[in-house]
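Trainee: Please show me how to read a model like this one. I would like the general idea of each feature, then the case at hand.

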Amino acid sequence: MSAMAGIYFHIPFCKRICSYCDFYRTALLKEVPQVVDKMCEEVQKRADYLHGEKLTTRYFGGGTPSLLSLPQLEKLLDVTARNFDCSAVEETTLEANPDDLTEAYLRGLKQLGIDRLSLGIQSFDDDALRLMNRRHTAAEAVAAVKRAQDAGFENLTIDLIFGVPGFGGQKLEQSIRTALSLGVQHISAYLLTIEPNTRFGKMAEKGLLKEISDEEAEAEYLLMHNTLTAAGMEHYEVSNYALPSFRARHNSHYWDSTPYLGIGPAAHSYDGRSRQWNVSSVVRYLAGEEPESELLTDEELYEEFLMTRLRTAEGFTREEFAVRFGQKRLEKLERATRPLFDEGLLRQSDNRLHIPPEKLLLSDRVIGSLFDL
Ligand code: SF4
């Protein structure tokens with residue numbers, strides 16, 4: 001049906017652990033070579049997963065993929081090219097930590113065909129970076145972006161975090177302006193959540209850090225939205241902004257239900273009907289533990305549809321909803337959405353039902369209220 005698919009490589013290693021992070025990652029860097037070899041094996045083993053679909057995107061995420069050496073990345077790309085049709089690849093992204101991006105490394109990445117870098121910068125405020133336990137300073141982050149541009153990268157995205165206690169208002173605005181002044185094509189902006197098993201979680205427990213209020217979060221979200229859209233960026237998904245024609249293609253696969261294969265510890269895969277996920281443990285991954293698999297029920301497909309589509313600025317049309325879930329459910333949806341329209345949380349434009357971008361921060365609430373129809 002769909003003539004495209006993505007491949008995702010999860011590199012779950014970090015040199016240093018950020019204060020807010022509760023993703024699966026490890027600082028056991030000595031395991032990197034074995035994990036890369038095991039991932040190459042996994043690519044071969046799962047060569048049929050995408051049923052011969054051409055790959056359109058490749059993505060190295062983490063963790064910190066820029067901890068891989070050029071030969072390690074090359075190995076993964078080579079085994080992928082031998083097992084999948086890469087003739088239609090239109091985007092290859094690598095998430096990178098600014099201080100890994102030396103000139104030589106950048107040149108090598110380019111030669112390998114990596115054409116998009118995602119820089120985990122988070123903030124251009126040194127105090128905020130220290131609080132978050134990031135490896136780089138603001139000046140180092142700026143220099144890394146410039147080096148990448150000098151090396152010929154014309155599709156750069158940076159991650160920013162908002163909602164860091166004590167770093168809203170002018171400080172946040174300054175960070176956003178610095179990001180814009182660098183001329184990057186894409187920005188992902190995430191609201192900080194303080195999770196229990198993180199350094200921030202422990203600080204919050206001891207009363208050393210206080211999560212910002214919902215009102216402050218909304219104000220920071222709007223500051224982000226207003227500043228970036230005024231600079232010509234489209235706010236096309238709850239956390240994502242892009243200049244026209246620079247939307248993240250790989251990530252868009254997740255939002256429009258395109259199949260993708262995830263390789264490496266803790267990586268997830270989706271074939272259009274079922275989901276697989278690899279074990280979140282390097283040791284058990286190396287021991288050859290098989291991915292777990294789950295066939296999505298009709299109810300889960302419905303929830304998944306809402307969760308992905310309503311987080312995008314485009315939303316969905318009634319026709320496509322009716323084709324997937326039937327006329328009866330559409331009628332129920334119509335009834336359930338009435339109050340949301342009244343509250344301004346849903347809108348219809350060009351025949352598409354969607355959450356207005358300035359309200360996307362509340363998307364979980366809107367989506368939750370449409371489950372169980
Ligand atoms: S770099 Fe990313 S994965 Fe690693 S500790 Fe920081 S937030 Fe977590």
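The dialogue below goes from the whole chain to single residues.

Trainee: What kind of model is this, and how are residues numbered?

Mentor: This is a predicted model, where local features need pLDDT of at least 70, side-chain atom pairs count only at pLDDT 80 or more, and totals for chains, interfaces and linings use all residues. Residues are numbered from 1 along each chain as its sequence is written.

Trainee: How many helices and strands does the protein chain have?

Mentor: Both are DSSP runs, numbered from the N terminus: helices are H or I with at least four residues, strands are E with at least two. The protein chain has 14 helices and 15 strands.

Trainee: What does the radius of gyration say about the protein chain?

Mentor: It is taken over C-alpha atoms, and the globule rule is 2.2 Å times the number of residues to the power 0.38. For 373 residues, a compact globule would come near 21 Å; the protein chain has 21 Å, so the two agree. The C-alpha trace spans about 55 × 50 × 40 Å along its principal axes.

Trainee: What share of the residues is buried?

Mentor: Count the other C-beta atoms, placed from the backbone, within 10 Å of a residue's own: 20 or more is buried, 12 or fewer is exposed, and in between is partly exposed. In the protein chain, 38% of the 373 residues count as buried.

Trainee: And what share of the contacts joins residues 24 or more positions apart?

Mentor: A contact means two C-beta atoms, placed from the backbone, within 7 Å. Of the contacts with a separation of 6 or more, 73% join residues 24 or more positions apart.

Trainee: Now the domains. Where do they lie in the chain?

Mentor: Domain bounds come from an automatic or database domain assignment. Here it gives domain 1 (5-254) and domain 2 (297-373). Their C-alpha centres lie 29 Å apart.

Trainee: How many residues of each domain are in contact?

Mentor: Ten residues of domain 1 contact nine of domain 2. On the domain 1 side, helix 8 (214-230) and strand 7 (234-237) each supply at least two residues. Helix 8 gives the most, with five. By class, that side has six nonpolar, two polar and two charged residues. Nonpolar covers Ala, Val, Leu, Ile, Met, Phe, Trp, Tyr, Cys and Pro; charged covers Asp, Glu, Lys and Arg; the others, Gly among them, are polar.

Trainee: How do I read a helix pair? At what angle do helix 1 and helix 2 cross?

Mentor: Axes are lines fitted to C-alpha atoms, for helices over the stretch in contact, and angles run from 0 to 180 degrees between N-to-C directions. Under 35 degrees is roughly parallel, over 145 roughly antiparallel, 65 to 115 roughly perpendicular, and the rest oblique. Helix 1 (residues 32-45) and helix 2 (residues 70-83) cross at roughly 10°, and their axes come within 9 Å. The pair is therefore roughly parallel. Helix 1 contributes Val36, Met39, Cys40, Val43 and Gln44; helix 2 contributes Gln72, Lys75, Leu76, Val79, Thr80 and Asn83. That contact has six nonpolar, four polar and one charged residues.

Trainee: And what is the angle between helix 12 and helix 13?

Mentor: Helix 12 (residues 318-325) and helix 13 (residues 327-342) pack at about 130°, with axes 7 Å apart. So helix 12 and helix 13 are oblique to each other. Arg318, Phe321, Ala322 and Phe325 of helix 12 meet Gln327, Arg329, Leu330 and Leu333 of helix 13. Five of these residues are nonpolar, one is polar and two are charged.

Trainee: Which backbone values deserve a look?

Mentor: Most residues other than glycine have a negative phi, and most peptide bonds are trans. His51 is not a glycine, yet has a positive phi of about 50°. His51 sits in the loop between helix 1 and strand 2. It counts as exposed because it has 9 C-beta neighbours inside 10 Å. Asp350, also not a glycine, has a positive phi of about 50°. Its loop runs between strand 14 (347-349) and strand 15 (352-354). With 8 C-beta neighbours inside 10 Å, Asp350 is exposed.

Trainee: Which residues does the cis peptide bond join?

Mentor: It joins Gly62 and Gly63, with omega about 15°. Gly63 lies in the loop between strand 2 (55-62) and helix 2.

Trainee: Last one. Is Ser123 buried or exposed?

Mentor: Ser123 is buried, with 27 other C-beta atoms within 10 Å. It is found in the loop between strand 4 (116-122) and helix 4 (126-131). Leaving out residues up to four places away in sequence, Ser123 touches Ala128, Leu129, Leu160, Ile161, Val164, Phe167 and Ser175.
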